[in-house]
Amino acid sequence: MSEKMKGKFYMTTAIAYTSGKPHIGNTYEAVLADSIARFKRKDGYDVFFQTGTDEHGQKIEQKAQEAGISPQEYVDQVAGEVKRLWDLMGTSYDKFIRTTDEPHVKQVQKIFKRLYDQGDIYKGYYEGLYCTPCESFWTQSQLVDGKCPDCGREVKPAKEEAYFFKMSKYADRLIQHINEHPEFIQPVSRKNEMMNNFLLPGLQDLCVSRTSFKWGIPVDFDDRHVVYVWLDALTNYITGIGYEADGNSSEQYKKLWPADLHLIGKDIIRFHTIYWPIFLMALGEPLPKQIFGHPWLLQGDGKMSKSKGNVMYADDLVDFFGVDAVRYFVLHEMPFENDGVISWELLTDRINSDLANTLGNLVNRTISMSNKYFGGEICDKGAAEAVDEDLKAVVTGTYAKVAARMEELRVADAMTEIFSLFKRCNKYIDETEPWVLAKDEAKKDRLSTVLYNLVESITIGASLLEPYMPGTSANIAGQLNTVLPSFEECAAFGHYPNGGRVTEKPQILFARLDVKEVVEKAETMFAQRKAVAEAESGAANGSAAEGGAASDPAAKNGADGCEMAASGAQGAEAVIDIEAKPEISYEDFAKMQFQVGEIIACEEVKKSKKLLCSQVKIGSQVKQIVSGIKAHYTAEEMVGKKVMVLVNLKPAKLAGVISEGMLLCAEDADGNLALVVPEKEMPAGAEIC
């Protein structure tokens, strides 16, 4: 933490609606917000991070009735589950607000009365088309294909007495504010959407109370009405920090408001960039500094559905991969403006390539070499060479790049900068070849300096990684027996104590995973859930209505089906028989030269959908080898692997690229490929005989 504070930073997420357990797309927002809050704290800001739950409305009243419990009991259960998931993911919020909290309820009633007394709210009748899930009224012209423009569901005609807010009274003022503050709505595409689709065509007055259900905050001067969801929910951003509608707001409120950042999903940006600013204008309060509408995280293998049993929840993913691996994926794989995709395959591939290979292998190799050559002692002997300066420049320059990306809320890009640091460290190992230095006693000081540079670089990288993967950074610091430097210190090299010692037994940060095994395990879990969902909905004996579920043994038989699938996997090991080729003599075999190679670089062949081009170090030579394995390995995943190579194969041109050898692979009956690798650690160039 910087000794000098840079000022306050108040940020919020949208509060989660308590209609059910949040899926990974909902949880993504909490993790995204947490990474920003952690970064700002470490960067020297006095951060206050608020999140929570939105607990009123007709949909919740109906859900509670279906469950046979009171609405309060229902939201207590769901809010507890939301908080559990946020805590599981390491969300470092300072306040978790619930809209059923008594202080919030009291202030919403006061705010409603104040706006009514000053003429911004009036009573009337609302007649329109109502979407219950969105709790929104629509006119016929606003519908899309006759359905709700927000969620695409059916709408029903409704008419009821209601109070309305005079939105048009403040519209011009809001348009002026948006034009004068280009940073107010981000990304810019969201701002253009709000201006062109809603503000410039003209705002209609907004319904802010309901009489057709009771689960809401009562209008205290007209008890037939409850406060409608958006006036209730949006005001949490001020009631949670001590706003007082009577004018006696707390010191905390005076310190923190206006909010520096509202982080929300793009689907509710209209409510936050139009309704919420206008409410604040009516109350005479400053507007938030920035509202960022992040994209959605979509499931890659189809829409998430409880009836299908395929909803991805954060706790499921943590059970499979661990907290930080899930945090890494949702933060790194989400584009700044466009929707991102999550799937079991993508998650596994990214963990293998980035976390297990780029980061985990780097830390493990560095600690192992330090123990092997110096008993774990890390010393800078001053035996520097020119290659060191480029490494140091990359490492010490990374913080500034990360900070610039975070200033724009480009979290994925910030993480890419950090992993570029780790990749540079891996390249440094290839450049300096510590295993070669170790063979020459005269180069012992150089070897020591190389390992010091690596440990220091990893320490700085771990410090920068901390806001995004706090558990992993703490693990690395523990294995290196050091305290992570502050961000200010990350701009200089040489903080690791000379003579410090790394741990004797390095831990694997991230184990490599088998994609097929992960997918099979997930499918078994989903099949079991689908069976439970069918049983609960009374469809256990009529699964044909669910789209042929009876053809799935696991779905049809519930838990027993899952157990059968699992026990079948424990049977005899699979074998493959292939057609025999003609016999060859030993002389024929002796003509082929096989050696261990180390892949030091790899890239996709642009003209091909199947080929990867690898630079393979074999002894003192580097050969270029093109392989048709792009469907099974990413280019990044290949780097650092020790492989078996046929080195004296006649060069050939594949998709316009010269290939000077062949990588040995094994292939199963389904066409899945796996590189053949040495069982034990072997140097690049070792002969295979």
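## Close-up views

**Figure 1. Arg 41 and Asp 94 form a salt bridge.** Arg 41 is buried, with a relative accessible area of 18%. Here buried means under 20% relative accessible area, exposed means over 50%, and partly exposed lies in between (1.4 Å probe, protein chains only). This is a predicted model, in which local features need pLDDT of at least 70 and side-chain atom pairs count only at pLDDT 80 or more, while totals for chains, interfaces and linings use all residues. Residues are numbered from 1 along each chain as its sequence is written, and side-chain values use heavy atoms, with hydrogens and water left out. Helices (H or I, at least four residues) and strands (E, at least two) are DSSP runs numbered from the N terminus. A salt bridge places a side-chain nitrogen of Lys or Arg within 4 Å of a carboxyl oxygen of Asp or Glu. By this rule there are 44 salt bridges. In this one, the side chains of Asp 94 and Arg 41 meet at 3.3 Å, N to O. The partners come from distant parts of the chain, 53 residues apart: Arg 41 sits in helix α1 (residues 24-42), Asp 94 in the loop between α3 (71-88) and β4 (95-98). Asp 94 is partly exposed, at 39% relative accessible area.

**Figure 2. Arg 270 pairs with Asp 150.** Their side chains form a salt bridge of 3.4 Å, N to O. Arg 270 belongs to helix α10 (residues 269-283) and Asp 150 to the loop between β6 and β7, so this pair links distant parts of the chain, 120 residues apart. Asp 150 is partly exposed, at 37%.

Figure 3. Glu 385 lies in the loop between β16 (377-378) and α14 (386-407), and Arg 446 in helix α17 (residues 444-465), so the pair ties together parts that are 61 residues apart in sequence. Glu 385 is partly exposed, with a relative accessible area of 46%. Arg 446 is buried, at 7%.

**Figure 4. Helix α12 packs against helix α15.** Axes are lines fitted to C-alpha atoms, for helices over the stretch in contact, and angles run from 0 to 180 degrees between N-to-C directions. Angles under 35 degrees count as roughly parallel, over 145 as roughly antiparallel, 65 to 115 as roughly perpendicular, and the rest as oblique. The axes of α12 (residues 323-332) and α15 (residues 411-432) are 8 Å apart, at an angle of about 120 degrees. That makes α12 oblique to α15. By class, their contact has six nonpolar, two polar and no charged residues. Nonpolar covers Ala, Val, Leu, Ile, Met, Phe, Trp, Tyr, Cys and Pro; charged covers Asp, Glu, Lys and Arg; the others, Gly among them, are polar. Contact means heavy atoms within 4.5 Å. From α12, Tyr 328, Leu 331 and His 332 meet Val 411, Ala 412, Met 415, Thr 416 and Phe 419 of α15.

**Figure 5. Strand β19 pairs with β18 and with β20.** Two strands pair if DSSP finds at least two bridges between them. Strand β18 (residues 594-604) runs antiparallel to β19, joined by six bridges. Glu 603 has Cys 613 of β19 as its bridge partner. Strand β20 (residues 621-627) also pairs with β19 in the antiparallel sense, over seven bridges. There, Cys 613 is partnered by Val 626. The β19-β20 hairpin has two residues between the strands, and Gly 619 takes a positive phi near 65 degrees. Six of the seven residues of β19 (residues 612-618) are buried, so this strand is largely enclosed by the rest of the structure.

**Figure 6. Four strands make an open sheet.** The order is β6-β5-β7-β9, with antiparallel pairing. At the edges, β6 (136-138) and β9 (206-207) each pair on one side only. Two bridges join β9 to the antiparallel strand β7 (residues 156-165). Phe 164 stands opposite Cys 207 in β9.

**Figure 7. Tyr 633 sits in the loop between β20 and α23 (635-638).** Tyr 633 is buried, at 11% relative accessibility. Leaving aside residues up to four places away in sequence, Tyr 633 touches Leu 612, Met 638, Lys 641, Leu 673, Ala 674 and Leu 675. Ser 353 is 280 residues from Tyr 633 in sequence, yet 8.7 Å away in space, C-alpha to C-alpha.
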